[in-house]
Amino acid sequence: MENLFDYIIMAQEYVNQLCEGKPAWEIILRTAVTTIILVWAKSFLFKNESLLERGKKTVFKLARKVPAVKARIEEEIEKVAVSMTQDLNKAIENTPYLTKLPEEGWSPEQIMEEATKYTKFGSYNWESGCASGTVYNGNKTLTDIMTRVYGMSTWTNPLHPDVFPGVRKMEAEVVRMCCTLFNGDARSCGCMTTGGTESIIMACKAYREYAINVRGIKNPEILVPVSAHAAFDKGAQLLMMRIRHVPLDPVTMKVDMVAMRKMINRNTCMLAGSAPQFPHGVIDPIEEIGALGIECNIPVHVDACLGGFLIPFMDDAGFPLSPFDFRVKGVTSISADTHKYGYAPKGSSVIMYREAKWRHHQFFVTPDWQGGIYATATIGGSRSGGIVAACWAALMYHGIQGYVDYTRMVIETTKKIELGCRGIPGIFIYGKPEVSVVALGSKSFNIYALSDRMTKRGWNLNALQFPSSIHIAVTVLHTQPGVAERFITDIKEIAEELLKNPCKDSGGSVLSGKCRSQLLHCKVFQDRQHNSNTNGKWSIITLI
């Protein structure tokens, strides 16, 4: 303490010397300017986005303004836009779009006739098992029962539980069944959402609010593996939080726990792990993440959106896993999609919490609105009661044994594909697939060229990046006789072709298949060309 006091005295004397002989106004002005500069520097250096990321964006932004670079970018964008426009119009057989309401309403017969045409567009026969993920079941009886139950609940809205108590009961039962499935006790709770993205965003919001209101953290940060779903990035952007990405072990493709520990700081408001992660189908070390969360007093979210209705049944199906759910003490929340391997209709997922104190911070309530007190548990206000009812019907239709049987089929098929692809020259498997995803890479040729050729053979696979790879998410449709064998054979034949002549077809890219379709909906602005040459078709005019 004496040394510290001496340093303080020295600092005071140094400041006095600097100010000696200077007028008061100059001292005040210099102090004010220095304070402004320091505040600006702090604001500039410590934003949600790192200085490195902002620097890279600034460099690219300035580079795009260079005339030669700008022209080249516009040229490439135009090529992609034209190609995508042609592909999309071809998929709908170049039929014109309806651009205004009909003067008179259509008859039921006319509506059904036109809707039938729309549903038959497209060259992919998904029922044959050609698509990675996308449709997870397709059972005719299940489709019929869900359609009928949805029809009974078409006009219902969970926003009005007093008017539709039956739908409220269905939603409560779906949540409770899921909490039980993930070994939650009587204190566990949750909500239904419209999908995995919303479930993840709700967890981010809950932990942000908890960090701010309970722990006094002014700038909460999310810490996730680099392989975590992009929904965490979307949540961080929407909630104006900083997100930091932890690298993976390059061999196992699991999150590097040493790096995760080092990246924790006083602003970290949540840790996350995937079970499994989307790119490579690998489960992060949830027990280690949970233990780290307890040690550092940070809540832990497990993203089980993809495999949420496989992993709880894998033990009974003969494929035991390490604990990944509420059995792990540090795990405070779990997201699981009922609309994937739960085989419910699209638009249904569940976010679960170990106890209500976390869920409390997920809710939105405003008591001062002129329309009365307004409160919602999730992002949406009005929601489809039909989706809730159809999801409930899917869970009741399968029961535990139904899910165990389907899980066994899916995992066995995944193991068959993994084993078959491991023996193909020029191909390797990323990590050790533990659930339903097999990711392929190559050190001998451009893996995207293989993906493009698989597309020509009728497959619809997922193109991945960093590192370059493709994957197949195995569903019930892939368990049909001969599908896995055909996949392995096609991969083998194309790999042999590319090994013999790798330069001939090395121009494939990550921008193919599903990625092209997603880019269309998310980063492409469409406009209608009002001239006689368009025949009512849409044209992509610019990339944002």
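**Terms and their grounds**

Modeller: Let us begin with Arg-354, which is located in the loop that connects β7 and α12 (356-359). The model is predicted.

Biologist: What makes Arg-354 a residue without a salt bridge?

Modeller: A salt bridge requires a side-chain nitrogen of Lys or Arg within 4 Å of a carboxyl oxygen of Asp or Glu. For Arg-354, which is buried, the nearest side chain of opposite charge is that of Asp-185, 5.6 Å away. No salt bridge is therefore assigned to Arg-354.

Biologist: Which backbone oxygen does the side chain of Arg-354 reach, and why is this called a polar contact?

Modeller: The side chain reaches the backbone oxygen of Val-331 at 2.8 Å. The cut-off for such a pair of N or O atoms is 3.5 Å, so the pair qualifies. Val-331 is also among the residues that Arg-354 touches, as are Phe-326, Val-328 and Thr-332.

Biologist: Why is Met-253 called buried?

Modeller: Its relative accessible area is 6%, and buried means under 20%, so the term applies to Met-253. Met-253 lies in the loop between β3 and α10 (257-263), and its phi is near 65°, a positive value in a residue other than glycine.

Biologist: Why is Thr-134 called partly exposed?

Modeller: Thr-134 has a relative accessible area of 40%. Buried ends at 20% and exposed means over 50%, so Thr-134 falls in between. Thr-134 belongs to the loop between α5 (108-119) and α6 (140-152), and its phi, too, is positive, near 65°. Most residues other than glycine have a negative phi.

Biologist: How do you know that β5 and β6 are paired?

Modeller: Pairing needs at least two bridges, and five join β5 (residues 300-304) to β6 (residues 331-336), so the two strands pair. They run parallel; within this pairing, Ala-304 has Ala-336 in β6 as its bridge partner.

Biologist: What makes β1 and β3 edge strands?

Modeller: The open, mixed sheet has seven strands in the order β1-β7-β6-β5-β4-β2-β3. β1 (189-193) and β3 (242-246) each have a single partner strand, so one side of each lacks a neighbour in the sheet. From one strand to the next, the twist averages 20°.

Technical notes: Residues numbered from 1 in each chain as written. Predicted model: local features only at pLDDT ≥ 70, side-chain atom pairs only at ≥ 80, totals over all residues. Heavy atoms only, no water. Helix = DSSP H or I, 4+ residues; strand = E, 2+ residues; numbered from the N terminus. Axes fitted to C-alpha atoms, helices over the stretch in contact; angles between N-to-C directions. Buried < 20%, exposed > 50% of the residue type's maximum accessible area, 1.4 Å probe, protein only. Lys, Arg positive; Asp, Glu negative; His and termini not counted. Polar contact = N/O pair within 3.5 Å; in protein donor to acceptor, adjacent residues only side chain to side chain. Contact = heavy atoms within 4.5 Å. Lists of a residue's contacts leave out its neighbours within four places in sequence.
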